[in-house]
Amino acid sequence: MERIKSLNFAFNLFLTYCFFSPISLTLGWKVFVGFTIGAIGSGLFWLMLNEDAKKIRNGKGKFMAFGAVKRYVIFSIALLISFSSFSVEGFFSTFAGFEILTLTLFTSSYLL
């Protein structure tokens, strides 16, 4: 059952990416690459959040703070890479991609 929910979420994330990527591609290649970096960061964010949820279910909630630090370090690294490589356009598109796909994360039926 958990595998089906995981596939459902991955498909939901993929559909959201497929919807917004052509829009970002029309704005330029830097925006598209930044959006893709944000999408990859959002996927990694979801995997780490899933690990933290498993730790809480097993009664190891003390390590949750370290998981939050790891998630936000990934977010910071993605923003730094995009800003240093693709200037301001890439920075804002990475941020937008990360936030749009993270919003998909929290509206997913996986968390219900």
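Local features need a pLDDT of at least 70 and side-chain atom pairs count only at pLDDT 80 or more, while totals for chains, interfaces and linings use all residues of the predicted model. Residues are numbered from 1 along each chain as its sequence is written, and side-chain values use heavy atoms, with hydrogens and water left out.

The protein chain has 3 helices and 0 strands; helices (H or I, at least four residues) and strands (E, at least two) are DSSP runs, numbered from the N terminus. Along the sequence the pattern reads α-α-α. Helix H1 covers residues 2-26, helix H2 residues 29-57 and helix H3 residues 64-106. Of the 112 residues in the protein chain, 35% are buried; buried means under 20% relative accessible area, exposed over 50%, and partly exposed in between (1.4 Å probe, protein chains only). Contacts are defined by heavy atoms within 4.5 Å. Among contacts between residues at least 6 apart in sequence, 67% join residues at least 24 apart.

In soluble globular proteins, nonpolar side chains tend to be buried together. A nonpolar core is here a set of buried Ala, Val, Leu, Ile, Met, Phe, Trp, Tyr and Cys residues joined through side-chain atoms within 4.5 Å. The largest such core has 5 residues, namely Leu13, Tyr17, Phe35, Ala39 and Leu101. At least two residues of this core come from each of H1 and H2. Apart from neighbours within four places in sequence, Phe35 is in contact with Tyr17, Phe20, Ser21, Ser24, Ser93, Thr94, Gly97 and Ile100.

Ile100 is placed in helix H3 and counts as partly exposed because its relative accessibility is 26%. When residues up to four places away in sequence are not counted, Ile100 touches Thr16, Phe20 and Phe35. The C-alpha atoms of Ile100 and Leu13 are 9.8 Å apart in space, although the two residues are 87 residues apart in sequence. Thr16, in helix H1, counts as buried at 12% relative accessibility. With residues up to four places away again not counted, Thr16 touches Ile100, Leu101 and Thr104.

Gly41 lies in helix H2 and is buried, since its relative accessibility is 4%. Leaving aside neighbours within four places in sequence, Gly41 contacts Ile74 and Phe98. Gly41 and Ala78 are 37 residues apart along the chain, and 6.6 Å separates their C-alpha atoms. Lys70 lies in helix H3 and, at 27% relative accessibility, counts as partly exposed. Lys70 touches Met48 and Glu51, residues up to four places away in sequence not being counted.

A search of the whole structure finds 7 aromatic pairs. Rings of Phe, Tyr and Trp (its six-membered ring) pair if their centres lie within 6.5 Å; planes under 30 degrees apart count as stacked, over 60 as edge-to-face and the rest as tilted. Phe75 and Phe95 form a tilted pair, with 6.0 Å from centre to centre and 50 degrees between the planes. Phe75 and Phe98 also form a tilted pair, at 4.5 Å centre to centre and 40 degrees between the planes. Phe75 is buried, with a relative accessible area of 15%, and Phe98 is buried at 4%, whereas Phe95 is partly exposed at 39%. Elsewhere, ring pairs link Tyr17, Phe19, Phe20 and Phe35 into a cluster.

The protein chain exposes about 7000 Å², of which carbon and sulfur atoms supply 74%; accessible areas come from the Shrake-Rupley method with a 1.4 Å probe, and for residues only the protein chains shown count as cover. Phe66, Val69, Val73, Ile77 and Ile81 form a nonpolar surface patch with about 460 Å² of accessible area together. Patches are made of residues with over 30% relative accessible area and no salt bridge, with like charges joined within 9 Å and nonpolar side chains (Val, Leu, Ile, Met, Phe, Trp, Tyr) within 5 Å. A salt bridge is a side-chain nitrogen of Lys or Arg within 4 Å of a carboxyl oxygen of Asp or Glu. Ile81, a member of the patch, lies in helix H3 and counts as partly exposed at 41% relative accessibility.
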